[in-house]
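Trainee: I am new to this structure and would like to get to know it step by step. Could we look at it together?

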Amino acid sequence: MSWTRGPLAALAVCALLGGAAGCGADDAHGRRGGATASPVGKLLDDTDERGRHYREVDEKGAPEVSVEVQPDSDDSWDVLLTVHNFRFSPPGARAVPVAGRGVALLSLDGRALARLRTTDHHLPGKLVPRGTHHVTVRLYADDGTVWAVDGRPVQSAADITASGTGPTAPHSTPSGAGSGAKGASGTPPRAPATPRPG
């Protein structure tokens with residue numbers, strides 16, 4: 001016969017080890033019910049307003065973020081982040097949680113504006129209507145889960161006020177306890193609507 005015994009021997013070993021999963025041919029290896037057991041933190045049942053699960057890590061060595069928003073000369077804003085125990089993932093990073101790594105999500109009044117991979121971002125004035133607004137930055141792992149400590153997302157926030165003549169100085173209001181790097185869970189409160197001159 002012209003066929004070799006190698007592939008048949010491999011199939012026999014796979015059958016003895018429990019099918020394709022025993023040979024590592026299945027991407028679901030190590031999964032039960034579609035969920036992956038992760039060595040990075042503990043996946044919680046709690047989710048953010050976008051349905052992303054919290055990934056709980058110990059406070060010691062946990063990622064931290066603080067945000068500062070400064071008015072720019074062209075009716076826009078400069079968003080500056082300071083991070084500790086965290087590094088930004090490059091575009092195209094695998095969707096696998098790695099301790100202290102991921103992206104930051106910038107939101108305005110609870111509405112997602114940008115996924116950040118650096119510590120600075122320019123926020124155009126056209127996205128910030130007249131009135132007081134709540135800017136939030138929250139840290140996410142590469143698999144889309146929210147970094148969390150004590151059941152609360154790792155985030156920071158600041159209030160900014162845009163007037164008809166341009167932005168005014170922001171009011172820094174870090175969320176949560178301690179340095180403001182870890183914020184309270186839930187949707188940030190919205191500023192009351194400011195009537196526009198008619």
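Mentor: Gladly, and let us begin with a term we will need: a residue counts as buried under 20% relative accessible area, as exposed over 50%, and as partly exposed in between. Please keep in mind that this is a predicted model.

Trainee: Then let me try the term on Asn85: what is its relative accessible area, and where is it found?

Mentor: Asn85 is found in the loop between S6 and strand S7 (87-88). Its class is partly exposed, because its value falls between the limits of 20% and 50%. The relative accessible area of Asn85 is 45%.

Trainee: What is the phi of Asn85?

Mentor: Asn85 is not a glycine, and yet its phi is positive. The value is about 55°.

Trainee: Which loop holds Asp75, and what is its phi?

Mentor: Asp75 lies in the loop between S5 and S6. With 41% relative accessibility, Asp75 counts as partly exposed. Although Asp75 is not a glycine either, its phi is positive, at about 60°.

Trainee: Let me step back to the whole chain. How many helices and strands does it have?

Mentor: The chain is 198 residues long, and 36% of them count as buried. Its elements are one helix and 15 strands.

Trainee: What share of the contacts between residues at least 6 apart in sequence joins residues at least 24 apart?

Mentor: Here a contact means heavy atoms within 4.5 Å. Of the contacts in the protein chain between residues at least 6 apart, the share that joins residues at least 24 apart is 61%.

Trainee: Which residues have the most contacts inside the largest nonpolar core?

Mentor: In soluble globular proteins, nonpolar side chains tend to be buried together. The largest such core here has 28 residues. Strands that give two or more residues to this core include S5 (64-71), S6 (77-84) and S14 (155-163). The residues with the most contacts inside the core are Val69, Leu81 and Trp147.

Trainee: Which residues belong to the second core?

Mentor: The second core is separate and has seven residues. Among them are Tyr54, Val103, Tyr140 and Val146.

Trainee: How far apart in space are Ala157 and Val69?

Mentor: Ala157 is found in strand S14, and at 0% relative accessibility it counts as buried. In sequence, Ala157 and Val69 are 88 residues apart. In space, C-alpha to C-alpha, the distance between them is 9.3 Å.

Trainee: Is Arg101 buried or exposed?

Mentor: Arg101 is found in strand S8. Leaving aside neighbours within four places in sequence, its contacts include Phe86, Asp142 and Trp147. The relative accessible area of Arg101 is 19%, which is under the 20% limit, so Arg101 is buried.

Trainee: Phe86 has come up now. How is the pair of Phe86 and Phe88 classed?

Mentor: A search of the whole structure finds one aromatic pair. The rings of Phe86 and Phe88 have their centres 5.3 Å apart and their planes at 90°, which is over 60 degrees, so the pair is edge-to-face.

Trainee: Are Phe86 and Phe88 buried or exposed?

Mentor: The answer covers both residues of the pair. Phe86 and Phe88 are both buried.

Trainee: Which residues are closest to the centre of the largest pocket?

Mentor: The largest pocket has a volume of about 240 Å³, and 13 residues line it. The elements that give two or more residues to the lining are S8 and S9. Closest to the centre are Arg52, Val103, Arg115, Ala141 and Gly144.

Trainee: What does His122 touch, leaving out residues up to four places away in sequence?

Mentor: His122 has its place in strand S10 (residues 120-123) and counts as partly exposed at 37% relative accessibility. His122 and Asp78 are 44 residues apart in sequence but 4.8 Å apart in space, C-alpha to C-alpha. The residues that His122 touches are Asp72, Asp74, Ser76, Trp77 and Asp78.

Methods:
Residues are numbered from 1 along each chain as its sequence is written. This is a predicted model: local features need pLDDT of at least 70, side-chain atom pairs count only at pLDDT 80 or more; totals for chains, interfaces and linings use all residues. Side-chain values use heavy atoms; hydrogens and water are left out. Helices (H or I, at least four residues) and strands (E, at least two) are DSSP runs, numbered from the N terminus. Buried means under 20% relative accessible area, exposed over 50%, partly exposed in between (1.4 Å probe, protein chains only). Rings of Phe, Tyr and Trp (its six-membered ring) pair if their centres lie within 6.5 Å; planes under 30 degrees apart count as stacked, over 60 as edge-to-face and the rest as tilted. A nonpolar core is a set of buried Ala, Val, Leu, Ile, Met, Phe, Trp, Tyr and Cys residues joined through side-chain atoms within 4.5 Å. On a 1 Å grid over the protein atoms alone, a cavity is a set of points where a 1.4 Å probe fits but cannot get out, and a pocket is an open set with protein on both sides within 12 Å along at least five of seven lines; lining residues have an atom within 4 Å of a point. Grid points are joined across faces, edges and corners, and a volume is the space filled by probe spheres set on the points.
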